[in-house]
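The following explanation leads the reader through a sheet and then through a pair of packed helices. Please keep the sequence and the structure in view while reading.

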Amino acid sequence: MNTTGKTCQQNLIGEMGKRWVFLFLLLEFAYFSISASGYFSFDTVQMILFYGTEIFLLASAELFVIITGGIDLSVGYVLGFATVISSKLMVVFASLGISPIGCILISIVITLVIGLIPGFVNGVLVAKLRIPPFIATFSMLGITQGISELLMQGIPAKNLPILAGSIGNGYLLYIVPGQALSFFHRPDVPRGVRVYEIIPNVVVFAFLFIAVFAFILKRMRFGQHLYAIGGNIDAAARAGINVRKNLVAVYMLSSFFASLAGIIYVMKYITGKADAGAGFLLDAIAAVVIGGASMFGGSGTVWRTILGCFVIAVLETGLRMMGTPTFDKYILVGVILIFTVLIECFFSNFKK
Amino acid sequence: MRTSELSSRPGFTQTTIGRTVGRNWALFFLIFMVIVFAFTGSGFFEIANFQNIIHLSSTSILLAAAETFVIITGGIDLSVGFVMGLSSALAARIMVILSTTALPVPWIIILGSLAGLVISLIPGFISGTLVARFKVPPFIATMGMWGICNGITLRLCHGFFPIAGLPAALPELGNGYLIYIHPGKSITFFQKPEYLADNQIRELIRLIPFSFILITVVILILWFILHRHRFGQHTYAIGDNVDAAIRAGIDVNRHLVKIYMLSSFLAGLAGVYNVFQTGIGNYTTFSAMYELFAVAAVVIGGASLAGGKGRILGSFVGVLVLAVLKNGLAISGVEPFVRYIAVGVLLIVAVTIDQLFPDLF
């Protein structure tokens, strides 16, 4: 970064260039608050968080890979793969007579472990065989899709434990004003009494993981190595970083987050299918790019990626509440995507 | 597979035969597959089936041809699948609107198709301009166009409804054959013999689908442009080394815009042809992944995502490999999911061969 010889005005514009996503998000939220009645409320924010959980996780997954200068096309179908595996496992364990909570926990753990495999293969293909990430992860997309359809045999899993759905659609905190306050369990109140539900469980679950990995990315050596690899892979190798090991780890991490999203999908919708994540890929990559990461690697932060996710999620819920067809979202996401890169271009030119 | 065989004999790739096998491994693999499927699937090794394979993959061939040009320059075009949907939907919508007027049917079809083809130039122009003048990474620029085209297409389709109510002549044109032979009775061109009853239709032998003619013409033109014309030389030059191309006096920006417009136009052609084939205007679904399969075909055909490499006939073979795999596995009674896995494995093999023998091509 060239910090010498900057005038005050340049500083201001530079700051605006850095923070424009945040400004844009505020403007967007303000616009929908005015034009869609009932948009400006706590419930809307919770809804955005609840329906956006998968995108938040997939975008974080994509971010780690994009920081190293790669791309992971397989996240959507690894998500589908994880939904199929975990739902099938839950059904199998439930039929063995294990208690619901036990079979959910065991399935989650097994799914997370199995979910590392596609990432491991991706990483080996990219790091050891030097196959371009685009091709390697596309192959993995096909392979995971094939395997999950093979497992599914065209029928989504049925008879999942009811507990899964109640966890996935439950909230952390329930408040009945003046009467009760309870964690996790909905208090028994007569019909018609307003229960305030605060913070969906799945959001807590997702953000716990995102926060941990945001910390790792920012403060730990592994994170610094990722930025170094993305910045200049040869320099990183010469500086003594084990590039191959780190690359394998990053693709495994991406796959891990995708399977986490898959598990959340199962808990939310109580079903698992191979193409559950097919439509998420554009949103995930778009969120990372809107969040200011460069496709060439070396830049991007979790915080700004989350902002990017919000830009898309606020747009989607806003359009839905205004009653516009949701496919207008695709047009706007496309426009914002291109616009972001143009703005980044403009400001980086300005700084020179 | 073949990789280990080649690498175990280091001198092999230097010989003429070795180079030919390495360069055209996809073609050899295609022949190998055809032979295997001829034994495993009854009804595979028939002219009717081969015609069917070509006919059903004609849009994929056009998309792969589009992707070839972009990949040679070192870029990527993720929007082809959705540009195809856009021009398909627009052509169909225009035809539906014109059907309410008193225009004769041929004019309706011609005007609708023209609209579809012309609209397809716009996404290419925009993404080309973004890539060339504003230095937006091709991945992002074309991904943006993907979203925009998809949204506009769904608007044209009023949501997720394919556009129906088109002239009945369309599918007859799109699925017609050049020659119809009723063994021992008659030979007709362009149209089925009129006297034929429905129950006799299976006796009819059809030869050379119109789609085959379209594909042949397009591929010949593109082959000429890419391998015998200055345009193609410039394309390879840009993919090899942009800086060298600029110093050699090539107007790289202009050329890139042209490349993306060509790619988009070919996708539009695929979309319009799709209307002829199906008789309705189709939007592109997310799970179709046309663009990714087009990239896969181009890479199997010997192109490199780093640019500078790729052949139009190679991409053609690449599409055929994917199509024969799908068709052959289905006819042999293998579960369709195996195909996805096979495509993945095939891609990895293709790129590994490319990586192991960089000087082969």
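Two strands are taken to pair if DSSP finds at least two bridges between them. In this predicted model, three strands of chain A meet that criterion and form an open sheet in the order 2-1-3, with antiparallel pairing. Strand 2 (180-183) and strand 3 (196-200) of chain A are the edge strands, each pairing on one side only. From one strand to the next, the twist averages 10 degrees.

Strand 1 of chain A, residues 171-176, is joined to strand 2 of chain A by four bridges in the antiparallel sense. Within this pairing, Tyr174(A) has Ser182(A) of strand 2 as its bridge partner. Helix 7 of chain A (residues 201-219) packs on the sheet, where it touches strand 1 and strand 3 of chain A. The direction of helix 7 makes about 25 degrees with that of strand 3 of chain A.

Attention now turns to chain B. Two packed helices are described by the angle between their axes and the distance between the axes. For helix 6 (residues 80-99) and helix 13 (residues 252-278) of chain B, the axes come within 7 Å and cross at roughly 50 degrees. Helix 6 and helix 13 of chain B are therefore oblique to each other, and their crossing is right-handed.

The residues that meet at this crossing include Val83(B), Met84(B), Leu86(B) and Ala91(B) from helix 6 of chain B, and Ala267(B), Gly268(B), Gly271(B) and Val275(B) from helix 13 of chain B. Sorted by class, the contact between helix 6 and helix 13 of chain B has ten nonpolar and eight polar residues, and no charged ones.

Conventions:
Residues are numbered from 1 along each chain as its sequence is written. Chains are lettered from A and ligands numbered from 1 in the order in which they are written. This is a predicted model: local features need pLDDT of at least 70, side-chain atom pairs count only at pLDDT 80 or more; totals for chains, interfaces and linings use all residues. Helices (H or I, at least four residues) and strands (E, at least two) are DSSP runs, numbered from the N terminus. Axes are lines fitted to C-alpha atoms, for helices over the stretch in contact, and angles run from 0 to 180 degrees between N-to-C directions. Two residues are in contact if their C-beta atoms, placed from the backbone, lie within 7 Å. Angles under 35 degrees count as roughly parallel, over 145 as roughly antiparallel, 65 to 115 as roughly perpendicular and the rest as oblique. A crossing is left-handed if the near helix is turned anticlockwise from the far one by less than a right angle, and right-handed if clockwise. Ala, Val, Leu, Ile, Met, Phe, Trp, Tyr, Cys and Pro count as nonpolar, Asp, Glu, Lys and Arg as charged, and the others, Gly among them, as polar.
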